[in-house]
Amino acid sequence: METVLEAKNINKYFKKPVSFHVLKDISFKINKGEFVSIMGKSGCGKSTLLYILSTMDTEYEGELYLNNELITGDSRQKLTVIRNKHIGFVFQFHYLLSEFTVLENVMLPAKKLGEKSIKAIEKDALEKLRILNIEHLAHKRASQVSGGEKQRVAIARALINNPSIIMGDEPTGNLDSHNADNVFNIFKKLSVEENLSLLIVTHDEDFAKRTDRIITMEDGKIIS
Ligand SMILES: Nc1ncnc2c1ncn2[C@@H]1O[C@H](COP(=O)(O)OP(=O)(O)OP(=O)(O)O)[C@@H](O)[C@H]1O
């Protein structure tokens, strides 16, 4: 089984206002095509962990491997490239640019990466919109589409650079049950049909139960 992401003995301390051991010896692997959820009570360290796994926070102990390469200790500049290329993000809030069209929003991370022509990026973006069944929204402004559609646009944007893994911090937190179900089905399809790995923090038990595996955290530790 091919491993996409591996965390080895991750420890994290917040030094202020008082020293606080927030992540305690976290180790796990995510395989290619695996759809994994992270659950745990508020304050157990889920967002802190995701921040480290997504390479945004480099102040931790332990080792992080992406596609079997050690990325712990890499420069900020290198991590920015790794993040743009290999990790797609979906948040609770969509963070779309409301005055830009749906298509322009989806194209942005690829433009930032700067590896392809605008024509090629546009073609890729339309393909991602097609996968998410929202190709018809391409030329609408982001402000003109519904909440559920915005989250699908955010997923298309997360996919644009063909990442190895999608990470989500409560991506269904702002959605009603119908739209949350839609997002679940999209993630499931991406994992089964595109062999994409997904690691999703959620408070939604129904969502988590249907993923391939649940990582449960308590008080900074993985308990199951
Ligand atoms: N910058 C910081 N400095 C000090 N303590 C922090 C900092 N950020 C978070 N914490 C604390 O670390 C713990 C873990 O926070 P974290 O946001 O990772 O929890 P969480 O499991 O994601 O919670 P939620 O489900 O409510 O989002 C909490 O006790 C929080 O108060």
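Let's start with an open sheet of four strands, ordered E2-E1-E4-E5 and paired in the antiparallel sense. Helices (H or I, at least four residues) and strands (E, at least two) are DSSP runs numbered from the N terminus, and two strands pair if DSSP finds at least two bridges between them. E2 and strand E5 (69-70) are the edge strands, each pairing on one side only. Strand E1 (residues 3-14) and strand E4 (residues 61-66) are joined by five bridges, again antiparallel, and Ala7 sits opposite Leu64 in E4. Helix H1 packs on this sheet, touching E1, E2 and E4, with its direction at about 125 degrees to that of E1. Contact here puts C-beta atoms, placed from the backbone, within 7 Å; axes are lines fitted to C-alpha atoms, for helices over the stretch in contact, and angles run from 0 to 180 degrees between N-to-C directions.

A word on what you're looking at. This is a predicted model, where local features need pLDDT of at least 70, side-chain atom pairs count only at pLDDT 80 or more, and totals for chains, interfaces and linings use all residues. Residues are numbered from 1 along each chain as its sequence is written.

Now for the ligand. Its shell is made of Phe14, Phe20, Val22, Gly40, Ser42, Gly43, Cys44, Gly45, Lys46, Ser47 and Thr48. The elements giving two or more residues to this shell are strand E2 (20-31) and helix H1 (46-53), and H1 provides the largest share, three residues.

On to another set of strands. E6 and E7 run parallel, joined by five bridges, and Ile87 stands opposite Ile165 in E7. E7 also pairs with strand E8 (residues 197-201), parallel and over five bridges; there, Ile166 has Leu198 as its bridge partner. Both faces of E7 are covered: Ile165, Met167 and Asp169 on one side, and Ile166 and Gly168 on the other, are all buried (20 or more other C-beta atoms within 10 Å of the residue's own, with C-beta atoms placed from the backbone).

Helix H5 is mostly covered too, with 11 of its 13 residues buried. Among them are Glu149, Arg152, Ile155 and Leu159. The buried residues of H5 pack against strand E6 (87-91), helix H3 (102-113), helix H4 (118-131), strand E7 (165-169) and helix H6 (177-193). Its length checks out as well: at 1.5 Å a residue, the 13 residues of H5 (residues 147-159) should span 18 Å, and the end C-alpha atoms are 19 Å apart, which agrees. That expected span is 1.5 Å times one less than the number of residues.

Key
Near = placed C-beta within 6 Å. Buried ≥ 20, exposed ≤ 12 C-beta atoms within 10 Å, placed from the backbone. Contact = placed C-beta atoms within 7 Å.
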